[in-house]
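Student: Could we go through this structure together, starting with single residues and then turning to how the elements pack?

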Amino acid sequence: QITTVSGNEFLLQSDIDFLILDWFHAIKNAIDRLPKEQRITSRNLEFKLRRSSSIELLNNLDTESKEPKPEHRKSLIFRLNYSASDTNDRNRIKSRLKKFISRRPSLKTLQEKGLIKDQIFGSHLHLVCEHEKSTVPQFVRLCIEAVEKRGLDVDGIYRVSGNLATIQKLRFVVNQEEKLNLDDSQWEDIHVVTGALKMFFRELPEPLFPYCFFEQFVEAIKIQDNATRIKCIRSLVEKLPRPNYETMKILFQHLQKIAAKESVNLMSTQSLGIVFGPTLLRPEKETGNMAVHMLYQNQIVELMLSEYSKIFGSEED
């Protein structure tokens with residue numbers, strides 16, 4: 001909550017902590033640039049990012065309630081507002097909340113009872129596959145089927161962004177393990193489906209190309225002789241964990257179909273490399289070579305699409 005010196009009040013809300021932090025720093029920097037007589041002291045500028053459900057926060061209410069109120073009540077402040085009712089009532093409520101929180105079942109218990117589901121987005125690929133008893137996540141298969149059914153001829157497929165709010169809604173549905181029908185009218189924009197698929201791969205804690213393979217793939221793409229380069233990349237691909245290999249194979253097969261329609265959808269292997277390079281493989285720790293890495297990331301995806309049959313096909317091929 002923000003109260004300005006003119007008496008206007010604003011409420012800024014977000015579930016994303018780093019976004020709130022960005023807001024705070026932007027507003028604080030604006031305050032710091034004010035003339036000294038208009039500026040409030042940092043002592044009076046309060047900012048809390050703790051969850052309202054934490055016991056630590058409840059314990060802090062006692063000490064905070066004893067702090068003197070700012071003399072200038074219309075100063076810009078960030079604070080947790082709690083009821084101004086009688087102190088005894090507040091303490092009683094706090095005590096009950098502490099008891100409730102301390103008796104809450106653990107996350108593991110809730111998962112065992114099926115009350116909290118394992119999420120698809122943001123989970124490790126092998127855990128999703130283990131949960132589904134498969135080698136390729138069902139969501140990936142459904143997205144690919146939907147795109148091949150009604151998106152191969154769409155201009156800028158995978159390059160054009162879908163509506164973010166709708167993509168987030170689809171993400172929520174998938175994470176809740178609700179029955180997913182991508183033919184439903186609410187997902188009729190194929191860019192929403194492609195956006196959700198890219199988001200799935202972006203949010204993997206470890207990318208489709210595991211961190212430990214990143215430098216090896218970069219060194220392979222640097223090889224000058226094309227036949228040797230392809231052979232080296234094929235060898236690396238074959239060493240990948242089974243879920244990574246199978247998911248990569250079906251994804252690149254799908255992207256090859258996209259590239260085959262380049263004359264209609266204007267998505268070449270180079271364009272797809274630019275879109276999927278940074279999404280599918282990245283270093284565990286970013287260095288000053290980010291621009292160089294991005295170039296190699298794009299080239300690796302482009303080569304694997306161009307030489308798909310040699311990399312994923314049988315030895316006889």
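**Residues, helices and packing**

Student: Is Lys133 buried or exposed?
Tutor: Lys133 is exposed, since its relative accessible area is 75%. Buried means under 20% relative accessible area, exposed over 50%, and partly exposed in between, with a 1.4 Å probe and protein chains only.

Student: What should I know about the origin of the coordinates and the numbering?
Tutor: This is a predicted model, in which local features need pLDDT of at least 70 and side-chain atom pairs count only at pLDDT 80 or more, while totals for chains, interfaces and linings use all residues. Residues are numbered from 1 along each chain as its sequence is written, and side-chain values use heavy atoms, with hydrogens and water left out.

Student: Back to Lys133, then. Where is Lys133 placed?
Tutor: Lys133 sits in the loop between helix H5 (125-132) and H6. Helices (H or I, at least four residues) and strands (E, at least two) are DSSP runs, numbered from the N terminus. The phi of Lys133 is near 55°, a positive value in a residue other than glycine.

Student: New topic. How many helices and strands does the chain have?
Tutor: The protein chain has 15 helices and 2 strands. Of its 317 residues, 37% are buried. The chain exposes about 19200 Å², of which carbon and sulfur atoms supply 50%. Accessible areas come from the Shrake-Rupley method with a 1.4 Å probe, and for residues only the protein chains shown count as cover.

Student: What share of the contacts joins residues 24 or more positions apart?
Tutor: Such pairs account for 71% of the contacts with a separation of 6 or more. Contact means heavy atoms within 4.5 Å.

Student: Now the packing. At what angle do H6 and H8 pack?
Tutor: The angle between H6 and H8 is about 150°, and their axes are 10 Å apart. That makes H6 roughly antiparallel to H8. Axes are lines fitted to C-alpha atoms, for helices over the stretch in contact, and angles run from 0 to 180 degrees between N-to-C directions. Angles under 35 degrees count as roughly parallel, over 145 as roughly antiparallel, 65 to 115 as roughly perpendicular and the rest as oblique.

Student: Which residues of H6 and H8 meet?
Tutor: From H6 come Phe139, Val140, Cys143, Ile144, Ala146, Val147 and Arg150, which meet Ile190, Val193, Thr194, Ala196, Leu197, Phe200 and Phe201 of H8. By class, this contact of H6 with H8 has 12 nonpolar, 1 polar and 1 charged residues. Ala, Val, Leu, Ile, Met, Phe, Trp, Tyr, Cys and Pro count as nonpolar, Asp, Glu, Lys and Arg as charged, and the others, Gly among them, as polar.

Student: What is the arrangement of H6 and H11?
Tutor: Helix H6 (residues 138-150) and helix H11 (residues 242-260) pack at about 15°, with axes 11 Å apart. H6 and H11 are therefore roughly parallel to each other. In H6, Arg141, Ile144, Val147 and Glu148 meet Ile250, Leu251, His254, Lys257 and Ile258 in H11. The contact of H6 with H11 has 5 nonpolar, 1 polar and 3 charged residues.

Student: And which contacts does His191 make?
Tutor: His191 lies in helix H8 (residues 190-202) and counts as buried, at 12% relative accessibility. Not counting residues up to four places away in sequence, His191 touches Val154, Asp155, Gly156, Ile157, Val160, Ser161, Gly162 and Ile167.
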